[in-house]
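A short briefing follows, grouped by topic.

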Amino acid sequence: MKYSANSVWENKDEYDIAVIGAGHAGCEAALAAARMGFKTVVFTVSVESIAMMPCNPNIGGSSKGHLVKEVDALGGEMGKVIDKTFIQSKMLNQSKGPAVHSLRAQADKEQYSRTMRRVLENQENLDVRQTEVINILTEEVCESGKKKVIGVQILSGGIYRVKAVVLCTGTYLRARCVYGEVSNATGPNGLQAANHLTECLKNLGINMYRFKTGTPARIDKRSIDFSKMEAQYGDERITPFSFTTNPDDIQIDQVPCWLTYTNEKTHEIIRNNLDRSPLYSGMIEGTGPRYCPSIEDKVVRFADKNRHQVFIEPEGIDTNEMYIGGMSSSLPEDVQYDMYRSVAGLEHAKIVRNAYAIEYDCIDARQLKPSLEFREIEGLFSGGQFNGSSGYEEAACQGLIAGINAARKLQKKEAVVLDRSQAYIGVLIDDLVTKESHEPYRMMTSRAEYRLLLRQDNADQRLTEIGYEIGLISQDRYDRLKLKEKLIEEEVSRVEHVHVGTSEKVQNLLAQYQSTPLNSGISLAELIRRPELTYQVLATIDEARPEFPKDLSEEVSEQVNISIKYDGYIKRQKKQVEQFKKLENKKIPENIDYDQVKSLRIEAVQKLKEFRPVSIGQASRISGVSPADISVLLVYLGGR
């Protein structure tokens, strides 16, 4: 290995795992590895960047709330930290079914970062190190011809010997922030970029992409006229992200957000200055996220729309900075002033931080196994935006899985791989490692085929047992889950067998909720299945209803209601999962020679050799592999 530093020296501290980057992915990866008993060091270009929120000041949102709940259910940290640092909380999509309910919380950005940093600094087995990693050290594995991680080298020349490395570099690799004709070689928020590691990764044979994302301006709160905007408030009853947080402990006074809109004048200013936008002048090469476009992209792509929503969100309690959601941009500074000041309520806006686009290096995630380990480099794992995704939540869940599997590899245990029927995390990782993507990947509820089973409210029932087996969930928490599941099962059974008659009390309740009166007796479960009724509202006519433990009452009631109300749909989806599992459980030998599989099309052979799927299910999702190819594979494997 060639070292670029002037002097090479050996660090004498003993570590098992190195995590490169301390953003949302790096924090989860480092904490998981350390909590599983391995000496871990996490490297960051600046301790000020630990769990930093360089863009939107919130956690969760549509489908992203599911990811945070799943991270928490497995034993991750993001849900706990946002529960301690939110300033507004809201359950989205409440007018729709429970499958798409998603929790979203406005964060105090500084407080969130400081709180997560304290967790890292006080975690046993974990050290934080501010420096830049410039090399991944490897050696050849004689039997396989593959490379194996043996350490990392930092900018000063220091070498840290480790057995596994997790790459969580986020948007820092060769980062470049751009607006107008200004181009700064910095990471987000003006922090130092990491400029040396890309060359090493390319030398290791890793294919790289150049992606971009962006952020809007931050405006001084004192220069905003909120009387011209619509106030947006949080929920009256706040739902926590973490299953360990007592809801009664987080019922706080919340801070409002605000809604305003762009207009034709805004759009005209943008159209007249497109030639000065780096996005359209060719100054920016990276591909941006389709589902989080800049305001320039919105105006061009949706030319028929005469306005777009703009959300004004506080960055924290102790700052006047307001985030201008929906108006990310890389236009020149003078155009930004004109553009923002054309929006109702922002006529006198004073910019604290300019909007900018940021370009960065990331990988083609199809080089990874479903465990997030590189196929050709043993002990090298990868998570977060570096894998070609976008968003804090997508990053955190990948970091958690990468950290878990780095530790599991050292334990000589099978990797934890969640499939598409188990978790949104499984959907996200499967999409990244299987499907070709030329833009930052964003999680959406529509990507999950089994979303009625993958609700955020039952994430603990789906995943906490896995977290317990891994070693990230305590015995007390596991016992609490088992008690909750027992209470739900017993109560669902009871409600199915409790019948009510046509008494005046019952008829009055039905009339109150505009529900059809009864002509004869009926079970409580049948009443719950009526759209206008719920398990909770039937409490007054359910005289034998048991009292649940106070800390579990809301959760049990919610699960009983959903289990009964959506019973038919849930059973149907479970049958679909059974069929899915059959293909997922048909494993493909690692040493299979696809050239020997007769009747496979040439394109299918090329794709299968390139991606080396672990199962028939994964093979079926590779672009270029047809159903006919899958049939051929099944016959071949059956013959073996």
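Lys and Arg are counted as positive and Asp and Glu as negative, while His and the chain ends are not counted; each charge is placed at NZ of Lys, CZ of Arg, CG of Asp or CD of Glu. This is a predicted model, in which local features need pLDDT of at least 70 and side-chain atom pairs count only at pLDDT 80 or more, whereas totals for chains, interfaces and linings use all residues. Residues are numbered from 1 along each chain as its sequence is written, and side-chain values use heavy atoms, with hydrogens and water left out.

**Charge**
- The protein chain carries 83 positive and 89 negative side chains, and the centres of these two sets lie 3 Å apart.

**Overall form**
- Along its principal axes, the C-alpha trace of the protein chain spans about 90 × 70 × 50 Å.
- Buried residues (under 20% relative accessible area, with exposed over 50% and partly exposed in between, for a 1.4 Å probe and protein chains only) make up 59% of the 640 residues in the protein chain.

**Aromatic rings**
- The structure holds six aromatic pairs, where rings of Phe, Tyr and Trp (its six-membered ring) pair if their centres lie within 6.5 Å, and planes under 30 degrees apart count as stacked, over 60 as edge-to-face and the rest as tilted.
- Tyr209 and Phe211 form a stacked pair, because their ring centres are 5.5 Å apart and their planes are at 20°; both Tyr209 and Phe211 are buried.
- Tyr468 and Tyr478 are likewise stacked, since their ring centres lie 3.9 Å apart with the planes at 5°.
- Tyr468 is partly exposed, at 27% relative accessible area, whereas Tyr478 counts as buried at 13% relative accessibility.
- Tyr15, Phe43 and Tyr160 are linked into a cluster by ring pairs.
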